[in-house]
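These are my notebook entries on a single protein chain. I wished to record what I looked up and what I found in each place.

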Amino acid sequence: MPETFHFIAGLPRSGSTLFSAILKQNPLFHADISSPVLGLVDGILSQTSAGSEMAPLVTEQKKISIIKGLFDNYYNDVDKPVVFDTNRGWTAKLSLINTLFPQSKVICLARNVAWVLDSMERQLRKSPLENTKLFGNGQQRATVYTRVEAMAGQNGLVGFAWHALRDGCYSEFANNMLIIDYDLLVRKPSAVMEAVYQFLGIPLFEHDFQNVMFDSPAFDQNLGIDGLHRVHKEVKPMPRDTVLPPELFEKYNNMTFWRDLKSSKAFTLVPSR
């Protein structure tokens, strides 16, 4: 049974899968792609909160016990003492995390939003014979403009994650957050991981950044996007030109608020200017 839970959140296409793959090299750690745990927790809360028929029967302490039991049972087949649960919504739930696991940390991967959208569009174009589940209807997937608008919307894949990240950054529990900029992770992985271990209060482990392995073909196939969670073997920058139209790229190019946080207690690892 795991002894400690930490959390991974942040923006999509920003290195969370790569980060999990690096963590998994440590025999003490379990990390993976997004789990259903947060959705299950929300289901419990909806059934036991005010307005529910069963709410009077479930005390606050009982809720805590039930939710902690959910974590224990979901990960009862994991024989590692430290588990990192991944979901982009965790940064909007810092008060809940603090109530359940006060010593837990939330590590967030972030990236220039224009390049996040570029990366998603690039992945979509690799599966031209699939209608991915990421879009609700044909109108949303019709052109690069409608696809980007759908993903960047407030409830879209990227827009929701961006708002949830801001939510956490300005909460009273932001000091439990560490934000890792993708550009720094791929340029200086050793320095980043040293800072991560310091943030977690765990002795440093020597990772191999030349042999990072991870893939989740069944999950990606179900989404209709091949290779969405496939990690390159070597951690390094891979410069390229954007596939987005210039005006679309420019629209989302200045949303890296974590690189200049002034009123937040969150810790950030960003490239030097």
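**Entry 1. Basis.** I am working with a predicted model, in which local features need pLDDT of at least 70, side-chain atom pairs count only at pLDDT 80 or more, and totals for chains, interfaces and linings use all residues. Residues are numbered from 1 along each chain as its sequence is written, and side-chain values use heavy atoms, with hydrogens and water left out.

**Entry 2. Aromatic pairs.** A pair of aromatic rings is described by the distance of the centres and the angle of the planes. I took rings of Phe, Tyr and Trp (its six-membered ring) as paired if their centres lie within 6.5 Å; planes under 30 degrees apart count as stacked, over 60 as edge-to-face and the rest as tilted. How many aromatic pairs does a search of the whole structure find? The search gives 15. One of them joins Phe5 and Phe101, with 5.3 Å from centre to centre and 45° between the planes, and is tilted. Phe5 belongs to strand 1 (residues 4-10) and Phe101 to the loop between helix 4 (94-100) and strand 4 (106-110), so the pair ties together parts that are 96 residues apart in sequence.

For accessibility I used these cut-offs: buried means under 20% relative accessible area, exposed over 50%, and partly exposed in between (1.4 Å probe, protein chains only). Phe5 is buried at 4%, and Phe101 is buried at 15%. I next examined Phe257 and Trp258: their ring centres are 5.4 Å apart and their planes stand at 80°, so this pair is edge-to-face. Phe257 has a relative accessible area of 12% and is buried; Trp258, at 1%, is buried.

I also traced a cluster linked by ring pairs, which consists of Phe5, Phe7, Phe71, Tyr74, Tyr75, Trp90 and Phe101.

**Entry 3. Charges over rings.** I counted a charge as over a ring if NZ of Lys or CZ of Arg is within 6 Å of the ring centre and within 35 degrees of the ring normal. Lys105 is placed over the face of Phe199, 5.1 Å from the ring centre.

**Entry 4. Helix 2 and helix 3.** Two packed helices are described by the angle between their axes and the distance between the axes. Axes are lines fitted to C-alpha atoms, for helices over the stretch in contact, and angles run from 0 to 180 degrees between N-to-C directions. At what angle do helix 2 (residues 37-48) and helix 3 (residues 60-74) pack? The angle is about 155°, and the axes are 11 Å apart. Helix 2 is therefore roughly antiparallel to helix 3 (under 35 degrees counts as roughly parallel, over 145 as roughly antiparallel, 65 to 115 as roughly perpendicular and the rest as oblique). Contact means heavy atoms within 4.5 Å. Among the residues that meet are Leu40, Ile44 and Leu45 in helix 2, and Ile66, Leu70 and Phe71 in helix 3.

**Entry 5. Helix 5 and helix 6.** Helix 5 (residues 113-125) packs with helix 6 (residues 144-152) at about 125°, and their axes are 11 Å apart. These two helices are therefore oblique to each other. The residues that meet include Leu117 and Met120 in helix 5, and Val148 and Met151 in helix 6.

**Entry 6. Arg13 and helix 1.** Most residues other than glycine have a negative phi, and most peptide bonds are trans. Arg13 is not a glycine, yet its phi is positive, at about 55°. I located Arg13 in the loop between strand 1 and helix 1 (16-23). Its relative accessible area is 21%, so Arg13 is partly exposed.

**Entry 7. Phe209.** I found Phe209 in the loop between helix 9 (189-200) and helix 10 (217-223). Is Phe209 buried or exposed? Phe209 is buried, at 13%. Phe209 and Ile22 are 187 residues apart in sequence, and 7.5 Å separates them in space, C-alpha to C-alpha. Leaving aside neighbours within four places in sequence, Phe209 has contacts that include Ile22, Met193 and Val235.

Technical notes: Helices (H or I, at least four residues) and strands (E, at least two) are DSSP runs, numbered from the N terminus.
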